[in-house]
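I opened a new page for this chain.

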Amino acid sequence: MVRYDFSEVIDKIGKATRIAVFTHVMPDGDALGSAFALRGALRGMGKQADCFLEKPLSGLYHFFPSDYLMEAEKAAAYDLKISVDCGERSRLGMFADAFEGDTINIDHHREKEPFAQINIVEEKSASTGEIIYELLCAMEAAITPKIADALYAAVATDTGGFMFSNTTADTHRITAALMEAGADFYTLNKHLLLEKTLKKYQLTALCVERMEIVSDGKIAVTYLDYDTVRKMQVTSDDLDGLSSLPRSIKGVEAGALLTELEAGKIKVSLRSDRLVDVSKVAAAFGGGGHMRASGFTCGGSIEELKQSILQKLKTELDRLNA
Ligand SMILES: [Mn+2]
């Protein structure tokens, strides 16, 4: 299946011999799956292709290949640079400066300012992995079981296991093709979606216990303070997916999770179901994001911040009911 025009991309790739692949900082399954799948396909075509990451992979994503590069100096030497799943140049982190010359940007985020020479930005694709799949089809690249695994991880991550509203019939058609190409979907589902570490369950239990629910059950806020973080040795890996816990309670329209991984530095993740525009709440605190997922970081006390977020969420909800 090929719905997009990749002719310029294919032309550029055809002329290049050394290709560097980048993605956004704090990469998720879509970012990593897209990058490694593209790298695999390019290598299969005889190119010298490498992935660049800021930090070593751990936790949830340990199953991806470990032979990536982390030195920004090395990135400049490639004759073609491709960014995947990255909505803006600054999100390339320490590779932002190296991303120049012949560049391609493949993404599915709403981009304010496409930042490459060639930009394939397709918002209707639920994941960048789906766009990469179509690119590989257009290039007639071989899709090995390893490449299929990477793309499956990408699609399954960004669609929340094919449950989010961004999932389309095309998502399923592409997934079917990946299964035929040998994707080990059960292992990936189990790893990415079904199982959690015991610590994650313990943190979830704590968050549930501390959940404050107001406005007839429509707003829920909970927190992990620094004291808890220190005692339970919580890392950012342990928090993956926890942000959507308040919203996942039946009847809740908008929720927030406050986490204090460093003393005095509180990260707030806001999520909404259908009605509340949480990007407005985040903006009130100097943050940003989307209507259904946004956030910000600030100082202060957890308790005071919690109350002021509850108040702002209430105001947003009341405005809708008015
Ligand atoms: Mn994505």
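**Fold and contacts**

I started with contacts between residues at least 6 apart in sequence: 62% of them join residues at least 24 apart. I kept in mind that this is a predicted model.

Next I looked up the secondary structure. The chain has twelve helices and eleven strands. I then checked the radius of gyration, which is 21 Å. The globule rule gives 20 Å for 322 residues, so the chain is as compact as a globular protein of that length. Along the principal axes, the C-alpha atoms fill a box of roughly 60 × 40 × 40 Å.

**Surface and charge**

I turned to burial. Of the 322 residues, 47% are buried. The accessible surface comes to about 15,400 Å². Carbon and sulfur atoms hold 51% of that surface.

For charge, I noted 37 positive and 47 negative charges. Their mean positions lie 3 Å apart.

**Cysteines**

How many disulfides does the count give? I got zero.

A disulfide needs the sulfur atoms within 2.5 Å.

Cys137 is in no disulfide either. The nearest cysteine sulfur to Cys137 is that of Cys51, 19 Å away.

Cys137 is partly exposed, because its relative accessible area is 23%.

Key
Residues are numbered from 1 along each chain as its sequence is written. This is a predicted model: local features need pLDDT of at least 70, side-chain atom pairs count only at pLDDT 80 or more; totals for chains, interfaces and linings use all residues. Side-chain values use heavy atoms; hydrogens and water are left out. Buried means under 20% relative accessible area, exposed over 50%, partly exposed in between (1.4 Å probe, protein chains only). Helices (H or I, at least four residues) and strands (E, at least two) are DSSP runs, numbered from the N terminus. The radius of gyration is taken over C-alpha atoms; the globule rule is 2.2 Å times the number of residues to the power 0.38. Contact means heavy atoms within 4.5 Å. Accessible areas come from the Shrake-Rupley method with a 1.4 Å probe; for residues, only the protein chains shown count as cover. Lys and Arg count as positive and Asp and Glu as negative; His and the chain ends are not counted. The place of a charge is taken as NZ of Lys, CZ of Arg, CG of Asp or CD of Glu.
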